[in-house]
Amino acid sequence: MAADAPRAQLIRIETDRRLGHEWDEWDGRPLPNTGDFSAPPGLFFRYAAVTLGVGLALFAGILYLLGPRLALLHPALPGVLAATITAAAVAACLWFVLLLLSFYGPTVVLPERLLERGPYLQLMNATSHLARVVHRRDWVEHAAIDVYNALAERRHRRVQKGELLVLIPRCLSRETLDGVLQIAGHYEVPVFVATRGQLARRVIRERRPRAVVAVACERDMMTGLRDVAGKLPVLGLTMQLPNGPCRDAVLDLAVMDRWVRSLVGMPDRPT
């Protein structure tokens, strides 16, 4: 990058420094694969299919247990409940097939309110809970976020420079932070450093952007997407954590450049 390249204004919102609460169980040892949790999208889809199966099995178990008692209230109630659960199961399976077609096919077949800004967020969250049980949380979450981003990118959204907000954490390495500021400076979009998720949400409420490019680790990104993406278009860029959580994180600056450039509809910046 050129030494005299424009740099964005960096706006910090500080609170007392502490390790992110999503990493409360971290024991200080090096993270697996030096903090790079990259995983193929298929990993998420496999866990998501299991999650849906477990959910449907739970509903079937509830019907089995409650059926005799419901029949005491009215003979038709078990049948009504069974039909409702069956219809929900068929709808869930059909939606999952359409999700697969939207990701692997040539076009997104569902509107965003029925996909990445709707049920997909709930499926991400449920799948994350299942992945925690088998200690694959970070990899499955990374794959889920990649799928979410791929769907969101294919919407080809455009906003004005002042309508885009870049949110970054405090834990980026100096070199990575410089790269982010140069990208944002070239495209003339503001960059905010928010030390907590609550403060990030406050910035969004106050600035009222029409789109957000957010940077976070997989765990914080899942929380942020769950809280914000249903209300506002978001692209979420995950980081690598070579020195553990909340310190000297790095990210793919080329991806950030592509996202910001696409959203504001500007040509490539010189390298």
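A residue counts as buried when under 20% of its relative accessible area is left open. Keep that cut-off handy for these close-ups, which all come from a predicted model.

**View 1. Strand E2, a strand tucked inside.** Take a look at strand E2, residues 164-168. Five of its five residues are buried, so the strand is largely enclosed by the rest of the structure. In a regular strand, side chains alternate between the two faces of the sheet. Here, Leu164, Val166 and Ile168 point one way from E2, while Leu165 and Leu167 point the other way, and all of them are buried.

**View 2. Strand E2 and its partners, E4 and E3.** E2 pairs in the parallel sense with strand E4 (residues 211-216), over four bridges. It's also parallel to strand E3 (residues 191-194), with which E2 pairs over three bridges. Valine 166 is a handy spot to check both pairings: opposite it in E4 stands valine 213, and its bridge partner in E3 is valine 191.

**View 3. From E2 to E3 by way of helix H5.** Follow E2, then helix H5 (residues 174-187), then E3, and you've traced a right-handed β-α-β unit.

View 4. Helix H2 covers residues 77-104 and helix H3 covers residues 119-133. They pack at an angle of about 95 degrees, and their axes are 12 Å apart. That angle makes H2 roughly perpendicular to H3. Where they touch, H2 brings Trp95, Phe96 and Leu99, which meet Pro119, Tyr120 and Leu123 from H3. Sorted by class, this contact has six nonpolar residues, no polar ones and no charged ones.

Technical notes: Residues numbered from 1 in each chain as written. Predicted model: local features only at pLDDT ≥ 70, side-chain atom pairs only at ≥ 80, totals over all residues. Heavy atoms only, no water. Buried < 20%, exposed > 50% of the residue type's maximum accessible area, 1.4 Å probe, protein only. Helix = DSSP H or I, 4+ residues; strand = E, 2+ residues; numbered from the N terminus. Pairing = 2+ DSSP bridges. Right-handed = clockwise from strand over helix to strand, strands pointing away. Axes fitted to C-alpha atoms, helices over the stretch in contact; angles between N-to-C directions. Parallel < 35°, antiparallel > 145°, perpendicular 65-115°, else oblique. Contact = heavy atoms within 4.5 Å. Nonpolar A, V, L, I, M, F, W, Y, C, P; charged D, E, K, R; others polar.
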